[in-house]
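Please find below a note on the two-chain model, arranged as numbered points. The sequence and structure are shown first.

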Amino acid sequence: MNAPLPTNLNKADTLVLYGESFASRLLLGTSRYPSPQVLENAVQASNPGMITVSLRRQGTSTTEAHSGFWDLLKKMAVPVLPNTAGCHSPQEAITTAQMAREVFETDWLKLELIGDDYTLQPDVLRLVQTAETLIKDGFKVLPYCTEDLILCQRLVDVGCQAVMPWAAPIGTGQGPLNPYAMKLLRDRLKVPLLVDAGLGLPSHACTVMEWGFDGVLLNTAVALADDPIVMAKAFAMAVDAGRAAYLSGAMKPQESAQASTPLVGTPFWHQS
Amino acid sequence: MRVIVNQVTYDLPNQSVVSDALAIINAKPPYAVAVNLNFVPKSKHANFALNENDQIEVIAPVTGG
């Protein structure tokens, strides 16, 4: 029996954030699925490293509709990543984070600080200071941000051990709108980078993983698919494929054709 | 004493605490509480005194992206 071929993929290649390893480079949101059963099956099909969760006022129609969600979370037994979705000020985000830490019993936090309701663009001018405050309070902050290099660098400067730039606005499914800036970001920053928001297709996820991003976080692209369970699996496979391609070292594009099949010994060929 | 819990106004006796506000809305765990935009940990619910016009938020887990 032949020995396995030596390959980069033989090495342990797990996603590591804040010193903690995760089973997958896919992080999956839990919103907008047709039913809790479909959500559970999508999670089982894709085996995400973390699933995102949130908080809303008790007694409202939202929380009444989610009355079984807590039990489902315990049943799925996947690490949870609480978010601060809907927060528009640093104080709102900080208080929501503290409440999430108590409810979900975790220091992990997807920090969302919304600056514009129409685009859901993060408030980049106040994001860094908010992240710094939360890190000093013991949170493992994964900030949702734009692909701006200096913003991401400043987030790293204040202690973020990973950052999560968007590919496109939340829920649009447009895929990476600014490949130049995203590839530059990957080239310049050495911390883990996870693409959060804006991915619509498995090929989008595969592409950013091929660029060297360390993982992706997505929700709507799976939840709103005609078959979310199969789409969840497709995204998981795309993330793995993109990562494998990145580690494998892609060929350099060539300007002109180069025959794949050897020319020497070609039958019926006569040198002119 | 008038307080607002999850945007609904309630009358509570003077010297009420966070636990009294939780009882009046029949809050069901798991939940977390903030008063006037400041987090109040579970360990302080029984002793955290409320004041007139306090705004109390009681939140519960939901799905998220």
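**Note on the predicted model**

1. Among contacts in chain A between residues at least 6 apart in sequence, 64% link residues at least 24 apart; two residues are in contact if their C-beta atoms, placed from the backbone, lie within 7 Å. The model is a predicted one, in which local features need pLDDT of at least 70 and side-chain atom pairs count only at pLDDT 80 or more, while totals for chains, interfaces and linings use all residues. Residues are numbered from 1 along each chain as its sequence is written, and chains are lettered from A and ligands numbered from 1 in the order in which they are written.

2. Chain A contains ten helices and twelve strands. Helices (H or I, at least four residues) and strands (E, at least two) are DSSP runs, numbered from the N terminus. The C-alpha trace of chain A spans about 85 × 40 × 40 Å along its principal axes. Of its 272 residues, 42% count as buried. A residue is buried if 20 or more other C-beta atoms lie within 10 Å of its own, exposed if 12 or fewer, and partly exposed in between, with C-beta atoms placed from the backbone.

3. The largest nonpolar core has 92 residues, of which Leu194(A), Val216(A) and Phe235(A) touch the most other members. Such a core is a set of buried Ala, Val, Leu, Ile, Met, Phe, Trp, Tyr and Cys residues joined through C-beta atoms within 7 Å. Leaving aside neighbours within four places in sequence, the contacts of Val216(A) include Leu26(A), Leu27(A), Leu194(A) and Val239(A).

4. Helix 6 (residues 149–157) of chain A has Leu151(A), Cys152(A) and Leu155(A) as its buried residues. These residues lie on the same side of helix 6 of chain A because they cover an arc of only 95 degrees around the axis, the arc being that of the directions from the helix axis to the C-beta atoms. On the other side of helix 6 of chain A, Ile150(A) and Asp157(A) are exposed. The cover over the buried residues of helix 6 of chain A includes helix 5 (124–136), strand 9 (140–145), strand 10 (164–165) and helix 7 (179–188) of chain A. Just after helix 6 of chain A, Gly159(A) has a positive phi of about 120 degrees.

5. Where do chains A and B meet? In the interface, 21 residues of chain B are in contact with 28 residues of chain A. On the side of chain B that touches chain A, the elements giving two or more residues are strand 3 (32–35), strand 4 (38–40) and strand 5 (55–63) of chain B. Strand 5 of chain B gives the most, with seven residues. Strand 4 (residues 50–57) of chain A pairs with strand 5 of chain B in the antiparallel sense over five bridges; two strands pair if DSSP finds at least two bridges between them. In strand 5 of chain B, Thr63(B) is the bridge partner of Val53(A).

6. Ala77(A), although not a glycine, has a positive phi of about 55 degrees. Ala77(A) is found in the loop between helix 3 (69–76) and strand 5 (80–82) of chain A, and counts as exposed because it has 8 C-beta neighbours inside 10 Å. In chain B, a cis peptide bond joins Pro29(B) and Pro30(B), with omega of about 0 degrees. Pro30(B) is in the loop between helix 1 (18–24) and strand 3 of chain B.
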